[in-house]
Amino acid sequence: MLVLFETPAGYAIFKLLDEKKLSQTENLYNDFQTPEAASRVVKLKHFEKFQDTTEALAATTAAVEGKVSKMLKKMLKKQVAAEGVHNELLVADAKLGNAIKDKLSLSCVSNTAVQELMRCIRSQLDGLLAGLPKKEMTAMALGLAHSLSRYKLKFSPDKIDTMIVQAVCLLDDLDKELNNYIMRCREWYGWHFPELGKIVTDNIAFVKTVKLIGTRENTSNTDLSDILPEDVEARVKEAAEISMGTEISDDDIENILHLCDQVIEISSYRTQLYDYLRTRMMAVAPNLTVLLGELVGARLISHSGSLVNLAKAPASTLQILGAEKALFRALKTKKDTPKYGLIYHSALVGSASTANKGKLSRMLAAKASLCTRLDALGEDSTLELGAEHKVKLESRLRLLEEGNLRRLSGTGKAKSKFEKYQGKSEFKQYPAAADSTLPTKRTHSESEDKKPLIEEIEVPKKKIKLESGAGTSSLVKSEPEDDDDSSSKKKKKKKKSKEPSEEEEQEAVEVPDVSESGKKKKKKKKSVSEEVEDVPMEEEVPEPSSEKKKKKKKKSVSE
C-alpha cells in the first residue's frame, strides 16, 4: 500500500511496510515515537519538490478544491500507474481520492485509520524526509501560507492601494501650497497694480496675466486674448491707465515673475497628479469611485489605512469616518453625534437639502460599504454594482426631495410605510358655523321678547275683578280692551320700568279674591273668552263705553 502525503515543499509517496498497523490505529502513535521507529512502519519511495511558490499555490488550491493538479497527475502516472502493480493509494481527502480514481483508475482509500496514519507521519516528517532541511521547510510553509491566505481572500497583489494613499496626501499638500503661493502673489503684485486682482478673479488666469504683462505700463501693448475674455481684457487695459499702484523696480517684478512660474508649474503638476489618482482609483476601487468620486474614495482609503481595512469597517464607521473629534466630543457632552464625516463632500450628499443630508449619508455609507468589500475582496472589477447603487440613491433622493408617493413594490405596504414615516401637510380651517356663542344670545333675546306676552295673559284677571266689584256686564269692558291694545301696552311698559314691585304686591293681594268669587268667576271667564273671539269680527270703536266707564268710577268714588 502507498501513502500520498502533501507537504509545503512538494508531494511525498510513502510505502506502508506493515499493513496490519492500519487495523491497530489506537496504539499507532506508539510506533511513531522516534524517527527510527517510524521508519520501520513507513518508507519514503518518492518525493516531488515544487519549483516555486506559484506551483505550490496551484497544487494546494487544487487539492483544497478536490481536483488533481498537473504535477500530481504526472507523478502518479510515473510512480504508481507505470509499475503495473495495482496498489491501493491512501489519501487524506476523500474528494481528491475520487478525482484520482476517475482520472487514473487507481483504487484510493480514505477513512479514519488513514487520517490517524497521516497525523503520525506529520509528527515525524523531518526524520522521514532526510534530504530536506528544517529551515527550508519552515520558509516554504510560511510562503505557501501567505499565498494561500491571499488566494482565499481573493486579494490581488496588483491592487496596490499604497500609491493611492500617497497620491491623495500629496494632492492635499499641493492645494495648500498653491493657495499660499497665489495669495502671496496677489498681495505682492497688488502694490503695483491693485485693480487687476478685483477684475481677474481666477487664480491661474491672474498668475498668467501677471507673467505676460510684467509691469502695468506694458498692458496696453500686450495681447491677453488667449488668457482673458474680450470684455475683461478691455477692463484690464482701462484700469492700467488710471491705476493708483506704486512703482516697483525691475528686480521686484523679476521675483514676482519667478513666483508666477512656480505657481504655474505646481498647478500643472497637480492636474497631472489628479489624473493619475483617478486612473489608480478606477483600477483599485472602481465601484467606490463611481459611487463617491475619486477624491472622497481616496480620502476614505487614506484615512482607514488601506482598502482592506476600509472593507472590514461597518457602514456606521464609514459614515462618520473623519469626524472622530466631533463624535467623542458629542459622547462626552451627551449631545447629538455627527451624521457624516468625509462622506459629506460627495456629490450626492452635497445635492441634498439640509433636512435630508443625514438620511442620504446613512444610505450612501451602507452602499459604499458594499462597494468597498466587492472592490477589495471580489474577483471581477466591474462598475455594475456602483452604478446600480448610484441610480437607486439618486431616485431615493428625488423621492425625499419631492415628497411624491411612489410604489416601491407591487403591494400597498410600501405606500403605507411611506405614509407612516412621511409627514402629511393637511390644511384644516376652524368651523365658524359650529361656534356655540351666537345661538345662546339669540335664544336669550327671544325669551326676553316672550316675557311681555306672558304678562298680557294675566291682565284680564285684574279687569275681571274690577268688573265683579262694579257689578256690570262683561261685554262692555272687554271690547275697549281690544280696541286700546296699543295704549295699554305702553302703560304696561311704563309700569314695568317704574314700579315692578307694586305689580307683584297687587297680584299677591288679588289671588285670594279670585278664590272667593267661585262659580261667578268661571262663568265670567267663559263669557270673556267668547267675547274676545268675537272681537276681531266687530271693527267698531265704542267711544261711549269709555264715557260710561268714567261715570261709573265717579259713582263708586262718591259712594
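Reader: Where is the place of S105?

Author: In this predicted model, S105 sits in the loop between α4 and β5 (108-109).

Reader: Why is S105 called exposed?

Author: Its relative accessibility is 59%. The cut-off for exposed is over 50%. The value 59% passes that cut-off, so S105 counts as exposed.

Reader: What makes the phi of S105 worth a remark?

Author: Phi of S105 is near 60°. That is a positive value, and S105 is not a glycine.

Reader: What is the phi of K334, and where is K334 placed?

Author: K334 also has a positive phi, about 60°, without being a glycine. Its place is the loop between α17 (324-333) and α18 (347-351).

Reader: Is K334 buried or exposed, and how do you know?

Author: K334 has 77% relative accessibility. Exposed starts over 50%, so K334 counts as exposed.

Reader: Now the helix α3. How do you know what span to expect for α3?

Author: Helix α3 covers residues 70-81, which is 12 residues. The expected span is 1.5 Å times one less than the number of residues.

Reader: Which residues of α3 are buried?

Author: They are M71, L72, M75, L76 and V80.

Reader: What does the face of α3 turned away from its buried side carry?

Author: That face carries the exposed residues K70, K74 and K78.

Reader: What covers the buried residues of α3?

Author: The cover includes strands β1 (2-6), β2 (10-16), β3 (42-49) and β4 (89-90). It also includes helices α2 (53-64) and α4 (94-104).

Reader: On to charged pairs. How many salt bridges does a search of the whole structure find?

Author: The search finds 11.

Reader: Why is the pair R119 and E116 called a salt bridge?

Author: The closest N and O atoms are 2.5 Å apart. The cut-off is within 4 Å, so R119 and E116 qualify. The two residues are three apart in helix α5 (residues 112-123), about one helical turn.

Reader: What makes K237 and E233 a salt bridge?

Author: Their closest N and O atoms are 3.3 Å apart. That is within 4 Å, so the pair counts. K237 and E233 are four residues apart in helix α11, again about one helical turn. K237 is partly exposed at 25%, whereas E233 is buried at 10%.

Reader: What does the pair E247 and R216 tie together?

Author: Their side chains meet in a salt bridge of 3.1 Å, N to O. E247 lies in the loop between α11 (230-241) and α12 (250-284), and R216 in the loop between α10 (203-213) and α11, so the pair ties together parts that are 31 residues apart in sequence.

Reader: Which label, buried or exposed, does each of the two get?

Author: E247 has a relative accessible area of 57%, over 50%, so E247 is exposed. R216 has 10%, under 20%, so R216 is buried.

Terms used: Residues numbered from 1 in each chain as written. Predicted model: local features only at pLDDT ≥ 70, side-chain atom pairs only at ≥ 80, totals over all residues. Heavy atoms only, no water. Buried < 20%, exposed > 50% of the residue type's maximum accessible area, 1.4 Å probe, protein only. Contact = heavy atoms within 4.5 Å.
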